[in-house]
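Q: Could we go through this model together? I would like to start with the strand pairing and then move on to other features.

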Amino acid sequence: MKIHIKNGHVIDPRNNLDAKQDVFIAAGKVAGIGSAPDGFVANQTIDAAGLIVSPGFVDLSARLREPGSDYKATLKTELQAAIAGGVTSLACPPDTTPVLDEPGLVEMLKHRAKLLNLAHVYPLGALTRRLEGKLLTEMNALSNAGCVGFSQADNAMTDTLVLWRAFEYAATFGYTIFLRAEDYYLAQNGVAHDGEIASRLGLKGIPAAAESLAIASILRIAQQTNTRIHLCRISSAEGVELIRAAKKNGVQVSADVSTQHCHLTEMDIGYFNAHANLKPPLRSTRDKSALCQGLKDGTIDAICSDHTPVNDDAKLLPFAEAEPGASGLELLLPLALKWAADNKASMADAIAKITSHPAQILNIAAGDLSVNANADIAIFSPEAEWKVQASQLKSQGKNTPYLGQSMLGQVQYTLLNGQLTFQNNQLESQ
Amino acid sequence: MHNPQLDANGELKHLLTIEGLPKRILNQILDTAETFVGVAERDIKKVPLLRGKTVCNIFFENSTRTRTTFEIAAKRLSADVINLNVGTSSQSKGETILDTVDNLIAMHADMFVVRHAQSGAAHFIAQHVPDNISVINAGDGRHAHPTQGLLDVFTVRRYKPDMHNLRVALVGDVLHSRVARSEIHALTTLGVPEVRVIAPKTLLPADVEKLGVQVFHDMKNGLKDVDVVMMLRLQNERMTGALLPSAQEYFKTFGLTQEMLNHAKPDAIVMHPGPMNRGVEIDSSVADGSQSVILPQVTYGIAVRMAVMAILGGGQSAGGIS
């Protein structure tokens, strides 16, 4: 299959390409940019006039809910949501049921994803067994099964000795550890940022210090043990400041922020909107500004969807009892573009935050359009405006605080391994 | 954002929290309550305003006192009253809040009086009832207890009518108190110029001064020259979890004794939402003393709850009964 994408504007941040170019695809790979390889005859031509041609997006955190929670979502529905959002590679956290702490589970997940052939799935293995923070998992076996890193998902590590040893062990083999930094005790039972809004609404708060204290410990241990660490879902200005300083000091650290936290604040809880019940909590306007600035100056490397589909019943509860999380794969692009527009960053900056940077963090071959790279491509209209409606979302999780809001930027075509998998809101039959 | 408590004409539709309610509506409720104070002193303690209506008390969190005052208020308005202690029935069988509420809607209740341990539960229920049903929040988590806030300002207004010239101190566990939040909003909305909170830092919520109060950490300075002392209940479980070292130390530092009360104005009144922990937050001699208006609070509570129900259920406005 040979595809010619013509008349499009290519943005490929890793190759510093931001220009009108044609893209030529053969045998599932990028065969040429700008000029066709010798003897290239296309079987299919995609007219991308007025559209942006980008590497397929790479999402650092998408819960697919398999195994164990198919009443919330299935691999199929969520990977269809992924390609509808232009996401062709995604990392999924290990907090499934059972937890991804056995190689067999990881192999099964990889196998099922491969059969669907919609997007590349990169599991993060559990750092400790059952995510309990006590015993290390068989990291080598999990890595061989396909894990690209190790994570505690939303489970905090309370035992610093276990944390230290987990870092040392992972560093032995060069594995990256993905942690959402949160002090267990300071965050316990909390559901909102500990500030004026939580005080008014009578919600139990989680202070920003719950994040910054944990970040400080993690950074210190990472530096001492020479471990490569990725800090997930930063939510506070204090957190951004600590990471900025650590990067200056040469700590091997990267960080991401979710599409929710770089746009929303505690104010968006409104009158107890359960869709704004998120982990970590939405924080103050000052925190949000610091996150956006951190993205701009490179302190925060990537934007992720933190896709967490939740069934309606689990959200139809009073705020604190509702299950936290937001569905987000289909909103990754427009919300990344909105970050750029709101913060005077370029479109290429936004694309880098959802392609080359996360690919580098995961250490996977994705997120660029170099010749001979996998032809995983998203083609989108930056000007198309659409409204977020539950009925239109492909994800089984209709839970998003952006319901009813207008988005700017819509994916028109998605290609995986040089094959068109998504087109104009209609899934190609598999 | 549309205030879910008001209808399209800006009139009260549900009573969920005092915060965000205009002064006009607070005064409407208080003025209506004045007309009901006398009803209890009559031979026949009933008015027919809610005849034929059904008020449903749904208590997801157990309470005898508050439920009883709502029940008396509804009955004095001639409503039929159903009491449902969900805390001890359906929820323990796994039924969700919405299932419970839907069942009561199907039984054609007109008004729900709701108490729940989670902040925001009353808002949640109000969002899911049909247009013809009003919801009254009888306490949700730490968030709000609006009828308590209203009966407290009603009591203040009866004893200290010049609200624009008052100094009020709230003492105790503001952090966990829905009563404190409702009192603060009611007092500030009605124009009380100085509202103080007196508590150790462990019992104050983050950024509490943004609610419009002055913060004190000692009784002597906090009570100095105040006109009204509002005590808050301290639950025994606060002694665990490192919020306070002991009941004894709390009483010595933040308990209201006559000696402490003497720092307030000589004619200051003392209030408490009940139930009291004598010897923990308040000394018996103060609770039963001449400055205490704790029992009148209970009496006025019925008039205020009648007023709220009458306004929500019968389109009753100020000065309505004669």
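Q: How do β1 and β6 of chain A pair?
A: Strand β1(A), residues 2–6, pairs with β6(A) in the parallel sense over 4 bridges. Two strands are taken to pair if DSSP finds at least two bridges between them. Strands are DSSP runs of E with at least two residues, helices are runs of H or I with at least four, and both are numbered from the N terminus.

Q: Which residue stands opposite His4(A)?
A: Thr45(A) in β6(A) stands opposite His4(A).

Q: And before going on, what kind of model is this, and how are things numbered?
A: This is a predicted model, in which local features need pLDDT of at least 70 and side-chain atom pairs count only at pLDDT 80 or more, while totals for chains, interfaces and linings use all residues. Residues are numbered from 1 along each chain as its sequence is written, chains are lettered from A and ligands numbered from 1 in the order in which they are written, and side-chain values use heavy atoms, with hydrogens and water left out.

Q: Back to β1(A): what is the strand order of its sheet?
A: The order is β5-β4-β1-β6 in chain A, an open sheet of 4 strands with mixed pairing. Its edge strands are β5 (29–33) and β6 (44–47), each of which pairs on one side only.

Q: What about the other open sheet, the one with 6 strands?
A: That sheet of chain A runs β11-β12-β13-β16-β17-β18, with parallel pairing. β11 (125–126) and β18 stand at the edges with a single partner strand each, so one side of each has no neighbour in the sheet. β17(A) and β18(A) pair over 3 bridges in the parallel sense, and Asp256(A) is opposite Ala302(A) in β18(A).

Q: Changing topic: how many salt bridges are there?
A: The search over all chains finds 32, a salt bridge being a side-chain nitrogen of Lys or Arg within 4 Å of a carboxyl oxygen of Asp or Glu. One of them joins Arg63(A) and Asp154(A), with the closest N and O atoms 3.2 Å apart.

Q: Why does that pair tie together parts apart in sequence?
A: Arg63(A) lies in the loop between β8 (57–59) and α1 (75–84) of chain A, and Asp154(A) in the loop between β12 (150–151) and α4 (160–173), so the pair links parts that are 91 residues apart in sequence.

Q: Where is Pro67(A), and what joins Glu66(A) to Pro67(A)?
A: Pro67(A) is also in the loop between β8 and α1 of chain A. A cis peptide bond joins Glu66(A) and Pro67(A), with omega about -5 degrees.

Q: Which peptide bond has omega near -10 degrees?
A: The bond from Lys279(A) to Pro280(A), which is cis. Pro280(A) is in the loop between β17 (253–258) and α9 (285–296) of chain A.

Q: Lastly, what is the phi of Asp306(A)?
A: Although Asp306(A) is not a glycine, phi is positive, about 50 degrees. Asp306(A) lies in the loop between β18 (302–304) and α10 of chain A.
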